[in-house]
Amino acid sequence: MQLDLSRHIAADPETIWAVLTDVPNAHRTLSGVESIEILTAGVYEPGFRWRETRRMFGMKSTEELMVQTADAPHSTTVVAESGGTEYKTVFHITADAGGGSTLYMHFAAETAHAPAVSRVVMAVMGRFAEKTTRKTMEQDLADIAAEAERRAA
């Protein structure tokens, strides 16, 4: 599964970056996140890890995420692995000529290492999972935009 989304935000790249990388407060910014547990001390940089609990498909789901790349205030890649499925989310921030910025999000889920039963379930439930994931990520973008625009005001 792969998804590409974008959203114009009335804020500069630095403000959006500050919101995007404020992992300790993600549960306050992102309406879909119930809690955050920081696993590594320090700043947002490659190797920084945390656990994020969300409600997905009607159930609580906790995943461990890690920063793979960080190029402030332009782009970052966050990865996770669960049950043999590898997840990668890439964010790019570009300043818009007319003011504000655009936040691009690319999400990919790869089940190559998942058990056969998981791959079958994903194949059967794929369209439903994609629709639900898209809705969740659109809400995340809306929440990031709202917080960045609040900070920029």
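The following dialogue explains how terms are applied to this predicted model.

Student: Which helices and strands does the protein have, and what makes a run count as one?

Tutor: Helices (H or I, at least four residues) and strands (E, at least two) are DSSP runs, numbered from the N terminus. The protein has three helices and seven strands, in the order β-α-α-β-β-β-β-β-β-α from the N terminus on.

Student: Why is serine 31 called exposed?

Tutor: A residue is buried under 20% relative accessible area, exposed over 50%, and partly exposed in between (1.4 Å probe, protein chains only). Serine 31 has 56% relative accessibility, so it counts as exposed. Serine 31 is found in the loop between helix H2 (26–29) and strand E2 (33–38). Buried residues, by contrast, make up 39% of the 153 residues in the protein.

Student: What does serine 31 contact beyond its neighbours within four places in sequence?

Tutor: Contact means heavy atoms within 4.5 Å. Beyond those neighbours, serine 31 is in contact with Gln139 and Asp143.

Student: What makes strands E1 and E7 a pair?

Tutor: Two strands pair if DSSP finds at least two bridges between them. Eight bridges join strand E1 (residues 2–9) to E7, so by this rule they pair, and they run antiparallel. Leucine 5, for instance, has methionine 105 in E7 as its bridge partner.

Student: Which bridges and which turn connect E6 with E7?

Tutor: Strand E6 (residues 85–95) pairs with E7 in the antiparallel sense over 10 bridges, and histidine 92 has tyrosine 104 in E7 as its bridge partner. E6 and E7 form a hairpin with five residues between them, and glycine 99 in the turn has a positive phi of about 110°.

Student: How do you know that strand E7 is mostly covered?

Tutor: Seven of the 10 residues of E7 (residues 101–110) are buried.

Student: Why is the pair of tyrosine 44 and phenylalanine 48 called tilted?

Tutor: The ring centres of tyrosine 44 and phenylalanine 48 are 6.2 Å apart and their planes are at 45°, so the pair is tilted. Tyrosine 44 and phenylalanine 48 are both buried.

Student: Why is the pair of phenylalanine 48 and tryptophan 50 called tilted?

Tutor: The ring centres of phenylalanine 48 and tryptophan 50 are 5.8 Å apart, with planes at 40°, so this pair is tilted. Tryptophan 50 is buried, as is phenylalanine 48. Ring pairs link Trp17, Tyr44, Phe48 and Trp50 into a cluster.

Notes: Residues are numbered from 1 along each chain as its sequence is written. This is a predicted model: local features need pLDDT of at least 70, side-chain atom pairs count only at pLDDT 80 or more; totals for chains, interfaces and linings use all residues. Side-chain values use heavy atoms; hydrogens and water are left out. Rings of Phe, Tyr and Trp (its six-membered ring) pair if their centres lie within 6.5 Å; planes under 30 degrees apart count as stacked, over 60 as edge-to-face and the rest as tilted.
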